[in-house]
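I opened a new notebook page for this structure. The entries below follow the order in which I looked things up.

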Amino acid sequence: MAVDFDAMALRARTSLRELSEDIDTLKAEIDFKGLPTYTKAAVYKQFQKLSRTSVDKYIAELEAEGTTLQKKIHGSIEVYNLSIEDIIKIYEKKGEKKWRDRHDEATVIFVNSLKGGVTKTVSTVSIAQGFRLTPDLVKEDLRIAVIDMDPQGSATMFLNHHYTVNNFDYTAAQICVNPHLSREEILEKGFVNSNVPGVKLMPASIEDGFVASSWMGIHEELKSEGYNTPVYDLLKTNLIDKIKHDFDFIFLDTGPHLDPLLMNSFVASHFLIMPAPPAHVDMHSTLKFLERLPSMIKEIETNGSQTNIIGFYGFLTKFIPSKEEHRTSQRHYVKTLDDMLPENLPSSEAFNKVGQSYETVLTIQGKDYDGSKVSLKLAADAVKKLASALFYQVERDLEKVK
């Protein structure tokens, strides 16, 4: 009896939809809140450049202007229950300058590796959210875009799982090979909201894999129609350059494949960020990837493109400081890479556990987490430290090339 692949595909689609609906139902049942909120006292204790007096002053001004700020009952008293968006409004009342006041174009960050299982997507999504949610960075009011170019759609799953069920027509791969699309069309049709306000997502689709495999042929067709953009410039020219004034940071996530989407990401990026797994078998594959980089850059240049990579940073993932093997790997990475970020992502079950509900350690709070609250907090704190370290490293290196 022949295998009925169509029936199996239909069952798979049904299961995907059921998984997504089950998560939504569970969150509704437990009154899932997700993102952190802060009392007034927590704001001036945790956020930079804010004092008790200034917080009182700017909250009073916001309310006098008609802004409604949420409150909750704590014990027998009513206290403020402020969101990140509320705190941004406080900074705006204070007149705090934002990143976009100093930089008029988006900075593109590509978290890359050809080694699967190194938490590349988890790192991409977590750092992108960390840029928006880390207290040290909230004053910057960063506008973040995450462009998912992995046909498996893992980043899409974390940021808006509803878009993993059906194909999405305006993916990065599709936009790259459609040069006639305008900025307005890309922003309207290509981006969706994520579970963090201020972080936009361009979802991926399984169809992107077919576009990537046909990339060279599609490029030849474009040339025959008069479009002479180099084959590895399509992402930069047809997508990034059109939206570079609408975001402060754009994060790129590709699959662990040496394909045209990865090569285009090199050309479009200002900074490369590499997860550095410490297990020796993973480290070996990662070092092989680094060894191949010169030949990849040469191929890009041979095909008429140029890279403009300002910095390349590594950071340790799944790191256990007590393991000698991990410390040995750390020494090899420090010796090999120009820059290693001073923070890392530790080995923690929290990163895997939160993924079961399509969340990250920054978008789920202790009351909604079925696991060790201590482990969750440690993982979330590690992400915030890594995001902050990356932000300030990028800021320093951008200043050097001005």
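I call a residue buried under 20% relative accessible area, exposed over 50% and partly exposed in between, with a 1.4 Å probe and protein chains only. The model is predicted, so I note its limits: local features need pLDDT of at least 70, side-chain atom pairs count only at pLDDT 80 or more, and totals for chains, interfaces and linings use all residues. Residues are numbered from 1 along each chain as its sequence is written, and side-chain values use heavy atoms, with hydrogens and water left out.

I looked up Q129 and found it in helix α6 (residues 120-133). Helices here are DSSP runs of H or I with at least four residues, strands are runs of E with at least two, and both are numbered from the N terminus. Q129 counts as buried because its relative accessible area is 0%. I take contact to mean heavy atoms within 4.5 Å. Leaving out residues up to four places away in sequence, Q129 touches L159, N195, V196, T360, L362 and T363.

A nonpolar core is a set of buried Ala, Val, Leu, Ile, Met, Phe, Trp, Tyr and Cys residues joined through side-chain atoms within 4.5 Å. How many residues does the largest one have? I read 65, and those with the most contacts inside it are F47, I109, F131, F249, F251, V361 and L390. Helix α17 (residues 373-400) gives the most to this core, namely 10 residues. Another core, of 50 residues, lies apart from it, and A145, L262, V267 and Y333 are among its members.

I then followed V361. Not counting residues up to four places away in sequence, V361 touches A350, F351, V354, L376, A379, A380 and V383.

I also checked Q393, which is found in helix α17. Q393 is buried, since its relative accessible area is 14%. With residues up to four places away in sequence set aside, Q393 touches Y313 and L341.

The expected span of a helix is 1.5 Å times one less than its number of residues. For the 13 residues of α3 that gives 18 Å, and the end C-alpha atoms are 18 Å apart, so the two agree.

Which residues of α3 are buried? They are S54, V55, Y58, I59 and L62. They lie on the same side of α3, because they cover an arc of only 125 degrees around the axis; the arc is that of the directions from the helix axis to the C-beta atoms. What covers these buried residues includes α2, β2 (77-80) and α4 (84-94). On the face turned away from the buried side I noted the exposed residues R52, T53 and A64.

Just after α3, G66 takes a positive phi of about 105 degrees. K49 is not a glycine, yet its phi is positive too, near 65 degrees. I placed K318 in strand β9 (residues 311-319). K318 is partly exposed, with a relative accessible area of 35%.

Two packed helices are described by the angle between their axes and the distance between the axes. Axes are lines fitted to C-alpha atoms, for helices over the stretch in contact, and angles run from 0 to 180 degrees between N-to-C directions. Angles under 35 degrees count as roughly parallel, over 145 as roughly antiparallel, 65 to 115 as roughly perpendicular and the rest as oblique.

The axes of α9 (residues 183-190) and α12 (residues 234-243) come within 9 Å and cross at roughly 85 degrees. The two helices are therefore roughly perpendicular to each other. R183, I186 and L187 of α9 make the contact with N238, L239, K242 and I243 of α12.

For α14 (residues 280-302) and α15 (residues 324-336) I read an angle of about 10 degrees, with axes 10 Å apart. That makes α14 roughly parallel to α15. H280, D282, M283, T286, L287 and L290 in α14 meet E325, T328, S329, H332, Y333 and T336 in α15.
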